[in-house]
Amino acid sequence: MNEIAEGLLRAVGLIITMNPEVMAITARSIMISFTATVIAALIAIPVGAVINFSEFRGKKTVINLIQTLYALPTVIVGLFVFLFISRAGPLGFLRLLFTPTAMIIGQTLLILPIMTGLTVSALSGVDQAIRDTLHSLGATKVQFLANVLKEARFAILAAVAVGFGRAISEVGAAILLGGNIRAASFWSSTRVLTTAISLETSVGNIELSLALGIILLLVALVVNLLVTTIQQR
Amino acid sequence: MIELQGIYKRFGEKDVLRDVNARIADGEIFALIGPSGSGKSSLLRLINLLDAPSAGRVLVDGVDIHADRSRELEMRRRMGMVFQKPAVFNTTVYENIAYGLRFRGVPERAIRETIRDVLSVIGLEGYGKRRAKTLSGGEMQRVALARAMVTDPDILLMDEPTANLDPVSTETIERLVHRINREFGTTIVLATHDMVQGQRLAERIAVMMDGTFSQVGTPREIFALPKDRDVARFVGIENIIEGVVESNDGGIAVIDASGVRVEAVTPLQTGVKVCLCIRPEDITLGYARKAGTSARNVFPGKIVAIRPLGPLTRLVIDCGFELVSLITWKAAEELGVQEGTEIVVSFKASAVHVVQDRT
């Protein structure tokens, strides 16, 4: 019990004194996951819109498939990307393995299904009455699409936030593709919050793990607060 | 002018509209009345191009609006529609009303002026910056009406605009409907299941029963001379009695209703099965046949039920067939009516509206 309390205390100390290593890991973690989220959103929102607005055979199956991929294990994504970018893989010549770029690719793929699926739900959640009203008010096709998206904006924002949450909290792909490398320069390093926690715990550096864990929770909290505030506006 | 020509709408196995025909003149207020599920909304949606008919045509000023998809937007922009459940966009009242104008590329300055004016017309001055979702149902419906109005449509379609509103909000909306019609000459097609609202607002009423127009006419025609039993029942005629014409002498017929001989004015000839429609307020009650009464129909009967109904008392009298009569409380007290009281009912031959019974 005492050990945990002491560890917590020192962890808080590390955060308050803005320990350079803790700060670097946090910054890297946020940058990688944020980039992945932006890229995934740029793909998921248009794809989600196309799925929602078009009628085609097997639409239900496609949506079911996407929903199944919500639970995609992170290590599977890691493994999949690893096979492509490892030295022997088809994209090996790009020398991406164990770089932040590789982690961004992994996290993007990981959160694409959930963001696409939630975008589809967000758009289909826009009431038929709203759609009818838009048509009735004389919207062109483009005006119609833009305004349904606009009505669904908060739900889509929530989809993006869920994506970011999954990206920053996953460990499987990050460790497989990043390798948890501790290097001198910021961008050669691939240690992020989750991988660092996993490593530091295994070597008994509990206070650092706890500090990083607290930060991870704080990031989640801040994102959540932001989303709620925007939704209530 | 809107012309509805032989319109059918089929959803799966069910025809929700069957051979609907009507002409609606420019500047007219035309009410569609009928029970829920009779097809009123479906018809309005067809006119607003939200759905296409399975057969038949909707002509607006002679143009078949569903024929040419490239003109769909142009036709739709000549109309406005207010839905039963007011759908407001998740933004301010001002932005909500601006939607149709923005779609039409109206300059921002003109939008501002229009909305300022319309907010005062609908009695929501100072509400421009409020979030529309925070409004009450009646306020939302006024916003929806304003939103349709500001685009200055030739035709305004309203689908049960007051169905979920309290009486005060209903009155406000009804006043606005009148005003829009008078000031802008807007043609208004309004669906309602409230026949009294139809009577208050409309110049002509179409009674919709089971997907088709049972009767089209002025409110007076509909309420005084319903064309058949269903219309009679829907417009609130409580006494609908089945019978057979026994003889007809120059338009005064004797009709056998469960063994009682009722005299009525009708051209229908001997042997025709009929329904007699008698308004409860046309029935007089007394304890004996009044001397010198001109009423041709006088029957002894017995009161079988008494129920208060607002300021009136509703009596059910058995005189061979059951008749409902409405009298004031005071009259009920003076007559001293009770269940089981023997009483004489009388009504004029001209108070009986005879329709052929086709069932």
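Of the 359 residues in chain B, 52% are buried, a label given to residues under 20% relative accessible area, with exposed meaning over 50% and partly exposed lying in between (1.4 Å probe, protein chains only). This is a predicted model, in which local features need pLDDT of at least 70 and side-chain atom pairs count only at pLDDT 80 or more, while totals for chains, interfaces and linings use all residues. Residues are numbered from 1 along each chain as its sequence is written, chains are lettered from A in the order in which they are written, and side-chain values use heavy atoms, with hydrogens and water left out.

**Chain B as a whole**

- The secondary structure of chain B comes to ten helices and 20 strands, where helices (H or I, at least four residues) and strands (E, at least two) are DSSP runs numbered from the N terminus.
- The C-alpha trace of chain B spans about 75 × 45 × 35 Å along its principal axes.
- Chain B exposes about 16,400 Å², and carbon and sulfur atoms supply 50% of this area, which comes from the Shrake-Rupley method with a 1.4 Å probe.

**Where chain B meets chain A**

- The contact, meaning heavy atoms within 4.5 Å, takes 21 residues from chain B and 19 residues from chain A.
- About 1,800 Å² is buried between the two chains, with carbon and sulfur atoms giving 53%; buried area is the accessible area (1.4 Å probe) that two parts lose on being put together, summed over both.
- In chain B, the residues that lose the most area to chain A are Phe89(B), Asn90(B) and Phe103(B), which together account for 32% of what that side buries.
- The rule finds two salt bridges across this interface, each being a side-chain nitrogen of Lys or Arg within 4 Å of a carboxyl oxygen of Asp or Glu.
- Asp127(A) forms a salt bridge with Lys85(B), and their closest N and O atoms are 2.9 Å apart.
- On the side of chain B that touches chain A, α2 (72–76), β6 (79–82) and α3 (93–103) each supply at least two residues, and the largest share, four residues, comes from α3(B).

**A residue inside chain B**

- Thr192(B) lies in strand β8 (residues 187–192) of chain B, and it counts as buried because its relative accessibility is 3%.
- Leaving aside residues up to four places away in sequence, Thr192(B) touches Leu32(B), Ile33(B), Gly34(B), Lys40(B), Glu160(B), Gln197(B) and Gly198(B).
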